[in-house]
Amino acid sequence: MSSVVKINVLTVPAEQREVLEQRFASRAGAVENSDGFEWFELLRPVEGTDQYLVYTRWRSEEDFKAWMEGPMQAAHRGGSTDGGEAPKRPAASGSTLWSFEVVQSAGPKA
């Protein structure tokens, strides 16, 4: 079985970039402890686009779905029910999810 890659393409207006990056920085291991999780990267656009890429790699489609239906839902509900901070306005104005299966991969030679 090969890993699966999910790339969430987020359209982020220039004035919201810092907000988005801070939110990801403060997510404090929200995905790292999930069963089947293999890798995460937040990719900032350098030029020619306002789209960030949120790259995650998973052991299987089932592991990704389990995270989506559990921990991810809780992390993205926004706000709290105990009188805490109010729900946050999304930093991204649009989102598209791309799905890939890893066919080949390589790393640096030892």
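User: What is Ser 3 in contact with, leaving aside its neighbours within four places in sequence?

Analyst: In this predicted model, Ser 3 is in contact with Glu 38, Arg 57, Trp 58, Arg 59, Glu 101 and Val 102. Contact means heavy atoms within 4.5 Å. Ser 3 itself is found in the segment before strand S1 (4–11). Strands are DSSP runs of E with at least two residues, helices are runs of H or I with at least four, and both are numbered from the N terminus.

User: What should I know about the numbering and the model?

Analyst: Residues are numbered from 1 along each chain as its sequence is written. The model is predicted, so local features need pLDDT of at least 70 and side-chain atom pairs count only at pLDDT 80 or more, while totals for chains, interfaces and linings use all residues; side-chain values use heavy atoms, with hydrogens and water left out.

User: Why is Ser 3 called buried?

Analyst: Buried means under 20% relative accessible area, exposed means over 50%, and partly exposed is in between (1.4 Å probe, protein chains only). Ser 3 has a relative accessible area of 17%, so Ser 3 counts as buried.

User: What makes the pair of Ser 3 and Glu 38 a polar contact?

Analyst: The two side chains make this contact at 2.7 Å. A polar contact is a pair of N or O atoms within 3.5 Å; within protein, one must be able to donate a hydrogen and the other to accept it, and residues adjacent in sequence count only if both atoms are side-chain atoms.

User: Is Ser 34 buried or exposed, and why?

Analyst: Ser 34 is buried, because its relative accessible area is 13%, under the 20% limit. Ser 34 lies in the loop between H1 and S2. Leaving aside neighbours within four places in sequence, Ser 34 is in contact with Trp 58, Trp 67 and Pro 71.

User: Which label does Arg 23 get, and why?

Analyst: Arg 23 has 28% relative accessibility, which lies between 20% and 50%, so Arg 23 counts as partly exposed. Arg 23 is found in helix H1 (residues 17–25). Beyond neighbours within four places in sequence, Arg 23 is in contact with Lys 88, Arg 89, Pro 90 and Ala 91. The C-alpha atoms of Arg 23 and Ala 91 are separated by 8.9 Å, although the two are 68 residues apart along the chain.

User: What makes a group of residues a nonpolar core?

Analyst: A nonpolar core is a set of buried Ala, Val, Leu, Ile, Met, Phe, Trp, Tyr and Cys residues joined through side-chain atoms within 4.5 Å. The largest one has seven residues: Val 4, Val 31, Phe 37, Trp 58, Phe 64, Trp 67 and Met 72. A second, separate core of six residues includes Leu 20, Tyr 52, Val 54 and Ala 91.

User: How do you know that S2 and strand S3 (residues 51–58) pair?

Analyst: Two strands pair if DSSP finds at least two bridges between them. Six bridges join S2 to S3, so the two strands pair, and they run antiparallel. Glu 41 stands opposite Tyr 55 in S3.

User: What is the order of the strands in the open sheet, and why do some stand at the edges?

Analyst: The order of the four strands is S2-S3-S1-S4, with antiparallel pairing. Strand S2 (37–43) and strand S4 (94–101) stand at the edges because each has a single partner strand, which leaves one side of each without a neighbour in the sheet.
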